Every structure is written in C-alpha cells, then in structure tokens.
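Please look over the sequence and the model first, then read the points below by topic.

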Amino acid sequence: MTRLPKSPRRSRIRRRGASFLPVIFATVGMAAVPAQAFAHALGGVMGGFGSGFGHPLAGFDHFLAMLAVGLWGAQMGGRSVWALPATFPLIMCVGGFAGMLGLFPDDLIRIAIAVSLLVLGGVIAARWVAPEWAALVIVAFFAIFHGYPHGQLTLRATDPAAFTVGFVVSTGLIHILGIGIGFALGQLYRGYVVRALGGMIAASGVYYLLV
C-alpha cells in the first residue's frame with residue numbers, strides 16, 4: 001500500500017512545536033526543582049500589586065499548578081479552555097478569605113498543594129477528558145488550598161486590595177501561558193509532549209510530598 005505524503009502544514013507545525021521543546025521542558029524542569037521555600041513560605045512585610053503579582057511566580061509549586069490548569073483546559077478543549085482557568089482564580093479568592101481567618105493548619109495546606117500537582121499533572125499525563133463538572137470540582141477544590149497562603153500573606157501586605165489583584169492577575173497570566181503551551185504542543189507527537197509535561201508536574205508533586 002502506497003503511503004500518502006505528510007501534509008506540509010502538519011510538518012511545519014511539528015517543526016515549529018519541536019523548536020520550543022527545549023525551552024519549555026527546561027522551564028518546567030527548573031520549576032519542578034524545589035527551592036527551600038514553597039510559594040506560601042515567603043516571609044516579611046508584603047507590598048501592593050507588585051508583591052502580589054510576583055508571588056505566584058516566585059513559588060514554583062503555585063506556578064506549576066497554575067500552568068497545569070491551563071494545560072488541562074487546552075488538552076480537554078471546548079468550554080474547558082476558559083472554564084477551568086476562570087474558575088481557579090475565583091475560588092482562590094475564597095481560599096484566600098479562609099487563609100485570613102486561619103481555618104486550616106499549615107501542614108494540611110502544604111500537603112494539599114503537593115497533592116494538587118500530583119493530581120493535575122496526573123490527569124494531563126493520562127489525557128483524561130473528564131466531564132466538565134468533575135474537572136471544575138477538581139480545579140475548585142485545589143484552588144481553595146492555593147488561595148489560602150495568599151490570604152495569609154494579604155494580612156501582611158501594605159495594600160491588601162492591590163496585593164490581591166496582583167496575585168489574581170499573575171495567576172491568570174500563568175493560566176494563559178499553560179493554554180498557549182497546550183495549544184502549541186497539543187498535536188505534537190500525538191499529544192505525548194503535553195502528557196510528558198503533565199508527568200513532570202506530577203513527579204514534582206510526589207517530591208513535594210516527600211520533602
């Protein structure tokens with residue numbers, strides 16, 4: 001049987017996506033290597049918008065979870081592309097309020113954040129196209145725990161409102177980054193590149209659970 005030639009457009013997409021692979025894998029790999037502190041372990045007095053904006057970027061655990069939400073939304077497609085990233089910051093604010101009240105012990109938050117990486121990375125690696133309601137429940141559940149430490153830090157901010165806006169905006173941009181990566185690499189090597197990124201995120205969650 002004669003094999004049809006590959007589509008030139010598909011070949012261009014594959015080459016373009018492959019050219020980004022070293023940068024993307026290096027970025028996720030560096031983020032997966034934990035610093036001594038988690039995102040919620042930063043101390044001292046916080047500022048305003050700038051401090052809030054930089055906080056998710058400084059905490060690799062938070063960054064990877066936000067990236068995973070965008071990746072999973074892009075991988076699932078449909079309304080999930082915007083529904084998952086829109087839900088996370090919204091529920092994160094609820095978690096932030098819980099953090100201001102100090103409702104949960106710090107160890108529980110640390111474990112829950114690590115588990116969020118394991119679960120979110122795992123569903124991407126498994127390429128699980130979940131029912132929309134199930135995906136929203138998963139994302140909303142973990143958003144509470146990611147918002148909790150931000151609420152604790154808000155109490156130390158010189159401008160709490162600006163600090164909150166800053167970390168919500170930063171979180172949204174990380175979601176968009178994840179969506180962009182998901183769309184750019186979603187069809188590359190039949191989706192295994194994105195699945196590999198999910199596996200790396202899940203592995204970082206296992207590490208955070210063990211340290």
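UniProt positions are given here in the numbering used for this structure, feature names are shortened, and annotations may be inferred rather than shown by experiment. The structure itself is a predicted model. The points below cover the annotated spans, a salt bridge, a surface patch and a pocket.

**Annotated spans**
- An unreviewed UniProt entry places the feature "transmembrane region" at residues 53-74, 81-102, 108-126, 133-149, 161-185 and 192-210.
- Residues 192-210 are 100% helix and 0% strand, with 27 Å between the end C-alpha atoms.

**Salt bridge**
- A search of the whole structure finds 1 salt bridge.
- The salt bridge joins Glu132 and Arg79, whose closest N and O atoms lie 2.9 Å apart.
- This pair links distant parts of the chain, 53 residues apart: Glu132 belongs to helix α6 (residues 132-154), while Arg79 sits in the loop between α3 and α4.

**Nonpolar surface patch**
- Phe97, Met100, Leu101, Leu103, Phe104, Leu108 and Leu155 make up a nonpolar patch on the surface, and together they have about 670 Å² of accessible area.
- Helix α4 (residues 80-101) contributes the largest share of the patch, 3 residues.
- Leu101 is located in helix α4.

**Second largest pocket**
- The second largest pocket holds about 170 Å³ of space.
- Its lining has 11 residues, and those nearest the centre are Ala74, Gln75, Gly182, Gly186 and Gln187.
- Helices α3 (60-76) and α7 (160-185) each supply at least two lining residues.
- The biggest contribution to this lining comes from α7, with 3 residues.
- By type, the lining consists of 5 nonpolar, 5 polar and 1 charged residues.

Notes
Residues are numbered from 1 along each chain as its sequence is written. This is a predicted model: local features need pLDDT of at least 70, side-chain atom pairs count only at pLDDT 80 or more; totals for chains, interfaces and linings use all residues. Side-chain values use heavy atoms; hydrogens and water are left out. Patches are made of residues with over 30% relative accessible area and no salt bridge: like charges are joined within 9 Å, nonpolar side chains (Val, Leu, Ile, Met, Phe, Trp, Tyr) within 5 Å. Accessible areas come from the Shrake-Rupley method with a 1.4 Å probe; for residues, only the protein chains shown count as cover. A salt bridge is a side-chain nitrogen of Lys or Arg within 4 Å of a carboxyl oxygen of Asp or Glu. Helices (H or I, at least four residues) and strands (E, at least two) are DSSP runs, numbered from the N terminus. On a 1 Å grid over the protein atoms alone, a cavity is a set of points where a 1.4 Å probe fits but cannot get out, and a pocket is an open set with protein on both sides within 12 Å along at least five of seven lines; lining residues have an atom within 4 Å of a point. Grid points are joined across faces, edges and corners, and a volume is the space filled by probe spheres set on the points. Ala, Val, Leu, Ile, Met, Phe, Trp, Tyr, Cys and Pro count as nonpolar, Asp, Glu, Lys and Arg as charged, and the others, Gly among them, as polar.
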